[in-house]
Amino acid sequence: MKLSIVVPVYNMAAEGKLEYCIKSLLNQTLSDYEIIAVDDASTDDSLEILRKLEKENSPTLKVIASPVNHHQGGARNLGIKASQAEFIGLMDSDDWAAPDMFEKLLKCAEQT
């Protein structure tokens, strides 16, 4: 595996933001990557949304459900520990990525 993109998630179900973020990552121009979404004990429907997307996009999307809130840094660390990739990319759950964003970043990382 070349790249793991880790996304900490806490209560992002509203307004379709979480789905928009994950779908932007699923549409990357890379082929050898995974998305690890870590639900950080959300109290809204974030985990259900992630599980639905995981079912539709397995094995690219992997969901980790933390029963305890570790905050953003701790949730990222859980995702990083689960990664098998050579490189780690980070994305916040209220952001989105252009289709070639991680391809460009990976090319730069490989050159340095």
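This is a predicted model: local features need pLDDT of at least 70, side-chain atom pairs count only at pLDDT 80 or more; totals for chains, interfaces and linings use all residues.

Me: Is S46 buried or exposed?

Reply: One compares the relative accessible area with a cut-off, and under 20% counts as buried. S46 has 0% relative accessibility and therefore counts as buried.

Me: Which residues is S46 in contact with, once its neighbours within four places in sequence are left aside?

Reply: S46 is in contact with V9, N11, M12, A13, L18 and D39. Of these, L18 belongs to the part of α1 that meets α2, and N11 is found in the loop between β1 and α1.

Me: Which residues of α1 and α2 meet?

Reply: On the side of α1 they are L18, E19, I22 and K23, and these meet S46, I49, L50, K52 and L53 in α2. Sorted by class, this contact of α1 with α2 has five nonpolar, one polar and three charged residues.

Me: Which residues of α1 are buried, and what covers them?

Reply: The buried residues of α1 are L18, C21, I22, S24, L25 and L26. Their cover includes β1, β2, α2, β3 and α4.

Me: How many residues are in the largest nonpolar core?

Reply: A core of this kind is read as a set of buried nonpolar residues joined through their side chains. The largest one here has 24 residues, and I5, V7, I22, L25, L61, M91 and F102 are those with the most contacts inside it. Two or more residues each come from β1 (3-9), α1 (17-26), β2 (33-40), α2 (46-56), β3 (61-66) and α4 (101-111). The largest share, five residues, is given by α1.

Me: Which residue other than glycine has a phi near 60°?

Reply: That residue is A41, whose phi is positive. A41 is found in the loop between β2 and α2. N11, which is not a glycine either, has a positive phi of about 50°. At 26% relative accessibility, N11 counts as partly exposed.

Me: How do I relate a position in the sequence to a position in space?

Reply: One sets the separation along the chain beside the distance between C-alpha atoms. D32 lies in the loop between α1 and β2. The C-alpha atoms of D32 and S4 are separated by 9.0 Å, and the two residues are 28 residues apart along the chain. Neighbours within four places in sequence aside, D32 is in contact with M1, K2 and L3. D32 has a relative accessible area of 39% and is partly exposed.

Me: Is P67 buried or exposed?

Reply: The cut-off for exposed is over 50%. P67, at 76% relative accessibility, therefore counts as exposed. P67 is found in the loop between β3 and α3 (71-82). P67 and S42 are 25 residues apart along the chain, and their C-alpha atoms are separated by 8.7 Å.

Me: Which residues does V68 touch, not counting those up to four places away in sequence?

Reply: V68 touches D40 and A41. V68 lies in the loop between β3 and α3 and is partly exposed, with a relative accessible area of 47%. From C-alpha to C-alpha, V68 and M12 are 16 Å apart in space, and they are 56 residues apart in sequence.

Key
Residues are numbered from 1 along each chain as its sequence is written. Side-chain values use heavy atoms; hydrogens and water are left out. A nonpolar core is a set of buried Ala, Val, Leu, Ile, Met, Phe, Trp, Tyr and Cys residues joined through side-chain atoms within 4.5 Å. Buried means under 20% relative accessible area, exposed over 50%, partly exposed in between (1.4 Å probe, protein chains only). Helices (H or I, at least four residues) and strands (E, at least two) are DSSP runs, numbered from the N terminus. Contact means heavy atoms within 4.5 Å. Ala, Val, Leu, Ile, Met, Phe, Trp, Tyr, Cys and Pro count as nonpolar, Asp, Glu, Lys and Arg as charged, and the others, Gly among them, as polar.
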